[in-house]
Amino acid sequence: MKILHIIPRIGNGGAELFLLDLVKEQSALGHQVSLCSFRDLTEDFYLSKIGNASFISLSKKDGLSLSLFFKVFSLIKKEKPEIVNCHLPSVFLYVLLPLFFFKKTKFFYTIHNEPLKEEPRLIIRK
């Protein structure tokens, strides 16, 4: 199975460390896994934690990025994953457009906290 995980950045947070373990395990099970971070890595040792998975950085800067909408869309178009798994609330906004164009791709959002704490806006939670 071809899986693409998208997260805002890789760091020492609980969601990030969970995702690194998940990516490594899925890769070890024989899945073709890619890990996409909106931001560049600040510590290269994180790459050693993802096994055979590939790492993609979209080099996002601070603030809302209009170009990131197109980068995420292009990445999904190029990679053709069967599953896109989004992690943390800020990713959701940037995958809205691909949701409507890639009908064969299954999109998931992993909740890493209590839903009300992770995303207080009702419309986004639904």
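Mentor: The questions below go from the sheet to the helices and then to the cores. This is a predicted model, in which local features need pLDDT of at least 70, side-chain atom pairs count only at pLDDT 80 or more, and totals for chains, interfaces and linings use all residues. Residues are numbered from 1 along each chain as its sequence is written, and side-chain values use heavy atoms, with hydrogens and water left out.

Trainee: What makes E4 and E5 a pair?

Mentor: Strands are DSSP runs of E of at least two residues, numbered from the N terminus. Two of them pair if DSSP finds at least two bridges between them. Five bridges join E4 (residues 83-87) to E5, and the two run parallel, so they count as a pair. In one of the bridges, Val84 has Phe107 of E5 as its partner.

Trainee: Why is one side of E3 and of E5 left without a neighbour in the sheet?

Mentor: The open sheet of five strands has the order E3-E2-E1-E4-E5. E3 (54-57) and E5 (106-110) stand at its edges, so each has a single partner strand.

Trainee: Which strands does helix H2 lie across?

Mentor: H2 (residues 66-79) lies across E1, E2, E3, E4 and E5, where contact means heavy atoms within 4.5 Å.

Trainee: What makes a set of residues a nonpolar core?

Mentor: Its members are buried Ala, Val, Leu, Ile, Met, Phe, Trp, Tyr and Cys residues joined through side-chain atoms within 4.5 Å, buried being under 20% relative accessible area with a 1.4 Å probe, protein chains only. The largest such core has 18 residues, and H2 gives the most, with five.

Definitions and conventions
Helix = DSSP H or I, 4+ residues; strand = E, 2+ residues; numbered from the N terminus. Axes fitted to C-alpha atoms, helices over the stretch in contact; angles between N-to-C directions. Buried < 20%, exposed > 50% of the residue type's maximum accessible area, 1.4 Å probe, protein only.
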